[in-house]
Amino acid sequence: MEKIQAIPANYNVTDVMLNALQDWGVSYLFCNLGSDHPALIESFAKAKAQNRQIPEVIMCPHEFAALSAAHGHALLSGRAQGVIVHTDVGTQNMGGSLHNIQRSRVPAFIFAGETPFTLEGELQGGRNSHINHLQNVYDQRGIVRSYVKWDYEIRTGKNVKQLVNRGMQLAHSEPMGPVYLTGAREILEEEVSPSENVSAEWKPVEKIPLPLLAVEQIVSALIQARNPLIITSYLGRNTDAVPQLVQFCEKLAVPVIEQHATHMNFPGDHPFHLGYQGGTLLSEADAILVMDCDVPWVSSISKPSDACKVFYIDSDPLKEEIPLWYLQNTTFYRADCGEALKLLNEYVRRIDLQTERFTERRHRFTELHKRQRHEWKLREKAPSGDTITSEWLTACLRNVTDDETIFMNETITNAGVVSQHLPRNKPATMFVNGGTSLGWSGSAAFGAKLARPETTVVNLTGDGSYLFGEPSAVYWMTRRYQAPLLTVIYNNRGWNATKMNLLKLYPDGIAKRDDRYWVNFDQPADLAKIAEASGGAYARTIKRPDELQEALQAGMEAVKKGQSAVIDVHLPTISQQID
């Protein structure tokens, strides 16, 4: 047990909570403070005045941005960060970001104040404003209960450190996710005695290994298959698992598809990387290993044959937080994929592989990789007219970045183009939102930059996602905390995903006939200027192909000098509708 720091007089619940988060190695508190936080603010001031170390406070002008920033930081650090929001209203403002971080299996420690529960001055911290009444709801924690692993209310200061330890233990245990703690002002004011740091005794659950019988069955099936396949989406969240997967695939000559990838899982230039869509590879497969993937295929569009053997390894193989979810012909294993790959590779080393049997499929998959990349490369040609294609934009972006650059990709309908034309070969250099609430990438990129200040971080976003993401808050934060980003907007002036989903169901409908989808921004805002006004960003809007490369380079130079940059690139518009 560690020694207790010298503790000042008037040591209260908020002091304990901040010290407990410090014990857990939390670097930042992403805060949007309100009337429920006087005790916390006083604790911040006390710690600063006494030179006592607590997590650094980051002021966030919007709660969605606060939690998204914590999300981005945790993707790089692997540690839950603190998020502090205001009662029920601040909790609701986190909204879609809470969905994102839960679906992404990313840890976060969220604290929200509760309305004071005394009316007439009975206790320090009691109600002293009309808003203290209006923010009083029956079940504040119920707002988040479908999206957090644990929620609780501080009822006494005597065990607040235990509550923090319990929340952090759960947040970091697989499947990881956010936790939510609340406390009323009167409770936060309660004076308590200091306690020792025992956070090491609240360790997360140990990683689960794959059963030996499963190891034998999986390897046997992949060896015997003519068309084996591995599908993954987020195996790369454990960066050590990536080289293990490469080793396994090279030994058995098994190709990989990154389906709806949220991380860099397998080197994009590797000859066994066969893209981002199943297609005929999926329908022709006779043995599939799915590792860390929520939706390896959509059965109404494409699925394996009934004869295909499917093995599924995941910390949450049955997706217990998704009410309706099913994959046919599948054997499920609850295990950590990194640990599973170690066992699979160890087993392969101990058996006689008769590697000559893999020669044919090794050659076949390598040739398929080459053809696939050649076809993609042809789409990168510089436009002959005034239209900028997303392929050309991505190729130009590739020219001004390197293997160390970290990308937050929220280009939505252009995400496949970005994956194809911006291949990543180093783990933890490409991230995509694991949820579906748009606006994540700007604040996530800010959080990532705080976690890796020495690395260039690039935010790739659509115009709709950019507006959803509270850009005025994002670029205010990047300037205030000296965390410059390059943002590139793939701007098609509308919500293309909505249009595409309509066309899936009504391919010959009246909406298509009349080009009326109610999705286009026919009076577009000057998106880059929003960032310039709120955060002093270098702002450019690009409409001609011959301006693009220079603008991207200029944006990158601005970032290197400490200034965020937003390059708004106009792609072909998705609709000509005028109402």
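**Cavities and a helix pair**

Me: How many residues line the second largest cavity, and which lie nearest its centre?
Reply: This is a predicted model. The second largest cavity has 13 lining residues, and Gly442, Asn459, Ser465, Tyr466 and Gly469 lie nearest its centre.

Me: Which elements each supply at least two residues of that lining?
Reply: Helices α15 (440-451), α16 (463-468) and α17 (471-480) do, along with strand β14 (457-462).

Me: How does the lining of the second largest cavity divide into nonpolar, polar and charged?
Reply: Five are nonpolar, seven polar and one charged. The space in this cavity is about 60 Å³.

Me: Switching to helices. At what angle do α13 and α21 pack?
Reply: About 30°, with the axes of α13 (residues 390-399) and α21 (residues 545-560) 9 Å apart. Angles under 35 degrees count as roughly parallel, so α13 and α21 are roughly parallel to each other.

Me: Is the crossing left-handed or right-handed?
Reply: α13 and α21 cross in a right-handed sense.

Me: Which residues make the contact?
Reply: From α13, Trp392, Leu393, Cys396, Leu397 and Asn399; from α21, Pro545, Leu548, Gln549 and Leu552. Seven of the contact residues are nonpolar and two are polar, with no charged ones.

How values were computed. Residues are numbered from 1 along each chain as its sequence is written. This is a predicted model: local features need pLDDT of at least 70, side-chain atom pairs count only at pLDDT 80 or more; totals for chains, interfaces and linings use all residues. Side-chain values use heavy atoms; hydrogens and water are left out. On a 1 Å grid over the protein atoms alone, a cavity is a set of points where a 1.4 Å probe fits but cannot get out, and a pocket is an open set with protein on both sides within 12 Å along at least five of seven lines; lining residues have an atom within 4 Å of a point. Grid points are joined across faces, edges and corners, and a volume is the space filled by probe spheres set on the points. Helices (H or I, at least four residues) and strands (E, at least two) are DSSP runs, numbered from the N terminus. Ala, Val, Leu, Ile, Met, Phe, Trp, Tyr, Cys and Pro count as nonpolar, Asp, Glu, Lys and Arg as charged, and the others, Gly among them, as polar. Axes are lines fitted to C-alpha atoms, for helices over the stretch in contact, and angles run from 0 to 180 degrees between N-to-C directions. Angles under 35 degrees count as roughly parallel, over 145 as roughly antiparallel, 65 to 115 as roughly perpendicular and the rest as oblique. A crossing is left-handed if the near helix is turned anticlockwise from the far one by less than a right angle, and right-handed if clockwise. Contact means heavy atoms within 4.5 Å.
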